[in-house]
Number of protein chains: 2
Amino acid sequence: MKAGTDLSQIGSLVGDPARANMLAALMNGGALTASELALEAGVTLPTASAHLAKLTDGGLMRLTRQGRNRYYALTDHQVAEMLETIMGVAAVLGPKKVLPGPRDTAMREARVCYDHLAGEAGVSMFEAFVVRGFLRVDGDVPDITLAGAEFFAAFGVDLAALRKKRRPVCRTCLDWSVRRAHLAGGLGAAMLEGLIAKAWVRRDKASRIVRFTPQGRMAFNAMLRHKGEAPVVSGTEQGP
Amino acid sequence: MKAGTDLSQIGSLVGDPARANMLAALMNGGALTASELALEAGVTLPTASAHLAKLTDGGLMRLTRQGRNRYYALTDHQVAEMLETIMGVAAVLGPKKVLPGPRDTAMREARVCYDHLAGEAGVSMFEAFVVRGFLRVDGDVPDITLAGAEFFAAFGVDLAALRKKRRPVCRTCLDWSVRRAHLAGGLGAAMLEGLIAKAWVRRDKASRIVRFTPQGRMAFNAMLRHKGEAPVVSGTEQGP
DNA sequence: TTCATGGTTCGACCGTATCCAAACTATTTG
DNA sequence: CAAATAGTTTGGATACGGTCGAACCATGAA
């Protein structure tokens, strides 16, 4: 049975804790050096090096040399999406863990999924776009409406340019923390870019966490609000 | 780092060849007994039992007792889709294998992905629906058009009933063998049901292969054809 | 009740993947 | 050129996971 062999190969690649940590650390779409990844995984440099070798020639990571540093990154978003998918099933079937700590709370609130916004904020944004009629959803697949096209253009997204690229413009991605969909694809990436450009959010360097600036949170909520509804992203509540 | 831990847990579950074979064997959406799975994985009953225990309390499989048999199946389609996704990246980054044998050719032509049609036939069907204007795609997300609703109703699909269910009606699923999308979701499942009910196809028991009946192939091609185009599913060609 | 079949548990064996220390290579800086 | 930083390679100790035979439970048939 070849199917099983294929499965088990990448399965075992992801199956080691050290390697899994490295992969998780790269899910923000960035690239890290071998030393940083070693630190992230909690192993020494030599072992990290061995793991990285396996990951690269296993096809899950891509290596770019730069001076005396070697930067490792995930090969494509297909790999990133695979990891999110795996984390998705892990999240639904493994809530036997203790309650999430503060760091996880921040992750749950807003984080980057490879190159677009995920977490509570990502889900809220997606759902607000649907409520406001910018995206139409049949089943659970989004489609940009006329009003949506206007809105995104006003926000600074060049839809025409996005459509030219090979990457799908509009996709959804199941959120492992909330079990609801958020916006992915080229549009999702462009929105995150826009949020950063407008300084509404800042990406936490070396983690997947996305933090709202005070004014950014207000502006974001205003963008999502429709006909005087309550804000969707409140302050950093630390609920049990 | 918890994220890495979650990843590695299911990763290692999938990472063992025996377990991966079992999971792959269940991807047709059916249920098999422990003995059958042991045979499929090429291990003895005791080892199979141990693996199955890990898989079930790891949450990837579901056990239903029935008489003196114990039937194992995947827990949901989320798990099935995760496996397809993994096979997807395996397929794109691992074509250094030898050329596919005859059995794999059949798999590539038409197979069932949990409960809907995949492979060449699945992709052809999906793309034909788009060309004929039954599904509209923006980016790569499908949406049922008015014409589509009529067509599917005529085919025997009860769209209203599908919309009532919690499961998304219309989704796409990336095909590992062809690297193109095919139709998943409730509609995808209903279509496969319809194809079987009309006796256009038969599911190969105990494998994921779907075989067309002679008349079925003709009818299927007729369904897909639009304004006198060439048929999309030809005979069983055995290419090198 | 007894027998047979389908599965699980136990114990022991074996292989392999992981790990680190130390040595080695390469690239930049002084 | 020498010193320092970044990374890989090697070798050997360790441990964990997979594997099977045999014994053990459970369910259905005789």
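Mentor: Two strands pair if DSSP finds at least two bridges between them. Helices (H or I, at least four residues) and strands (E, at least two) are DSSP runs, numbered from the N terminus. You're looking at a predicted model, where local features need pLDDT of at least 70 and side-chain atom pairs count only at pLDDT 80 or more, while totals for chains, interfaces and linings use all residues. Residues are numbered from 1 along each chain as its sequence is written, chains are lettered from A and ligands numbered from 1 in the order in which they are written, and side-chain values use heavy atoms, with hydrogens and water left out.

Trainee: Okay, let's begin with the sheet in chain B. Which strands stand at its edges?

Mentor: Chain B has an open sheet of three strands, paired antiparallel in the order S1-S3-S2. Each edge strand has a single partner strand, so one side of it is left without a neighbour in the sheet. Those edge strands of chain B are S1 (32-33) and S2 (61-66).

Trainee: And which residue is the bridge partner of Leu32(B)?

Mentor: S1(B) and S3(B) run antiparallel and are joined by two bridges. Look in S3(B) for the partner of Leu32(B), and you land on Tyr72(B).

Trainee: Over to chain A. How many bridges join S2(A) to S3(A)?

Mentor: Here too there's an open antiparallel sheet of three strands, ordered S1-S3-S2 in chain A. Within it, Arg62(A) stands opposite Ala73(A), and Gln66(A) has Asn69(A) as its bridge partner. The count of bridges between S2(A) and S3(A) (residues 69-74) is six.

Trainee: What phi does Gly67(A) have in the turn?

Mentor: S2(A) and S3(A) make a hairpin, with two residues between them. Gly67(A) sits in that turn, and its phi is positive, at about 65 degrees.

Trainee: Now the helices. At what angle do the axes of H3(A) and H4(A) cross?

Mentor: Axes are lines fitted to C-alpha atoms, for helices over the stretch in contact, and angles run from 0 to 180 degrees between N-to-C directions. H3(A) covers residues 34-41 and H4(A) covers residues 45-57, and their axes come within 9 Å. The two helices are therefore roughly perpendicular (65 to 115 degrees; under 35 is roughly parallel, over 145 roughly antiparallel, the rest oblique). The crossing angle is roughly 105 degrees.

Trainee: Which residues of H4(A) make that contact?

Mentor: Contact here means heavy atoms within 4.5 Å. H3(A) brings Ala34(A), Ser35(A), Leu37(A) and Ala38(A). From H4(A) come Leu45(A), Ala48(A) and Leu52(A).

Trainee: How does H4(A) run relative to S2(A)?

Mentor: Follow H4(A) and you'll find that it lies across S2 and S3 of chain A. Its angle to S2(A) is about 115 degrees.

Trainee: On to the DNA. Which residues come nearest to DNA strand C?

Mentor: A residue is near a strand if one of its heavy atoms lies within 4 Å of it. There are 20 residues around DNA strand C. The nearest are Arg19(A), His51(A), Lys54(A), Ser35(B) and Tyr72(B).

Trainee: Which element gives the most to the surface near DNA strand C?

Mentor: Four elements each supply at least two residues: H4 of chain A, plus H3 (34-41), H4 (45-57) and S3 (69-74) of chain B. With four residues, the top contributor is H4(A).

Trainee: And which element gives the most to the surface near DNA strand D?

Mentor: Ser49(A) has a polar side-chain atom 2.7 Å from a phosphate oxygen of DNA strand D, and for the side chain of Lys54(B) the distance from an N or O atom to a phosphate oxygen is 2.4 Å. Two or more residues each come from H3, H4 and S3 of chain A and from H2 (17-25) and H4 of chain B. The one that gives the most, with four residues, is H4(B).

Definitions and conventions
A polar contact is a pair of N or O atoms within 3.5 Å; within protein, one must be able to donate a hydrogen and the other to accept it, and residues adjacent in sequence count only if both atoms are side-chain atoms.
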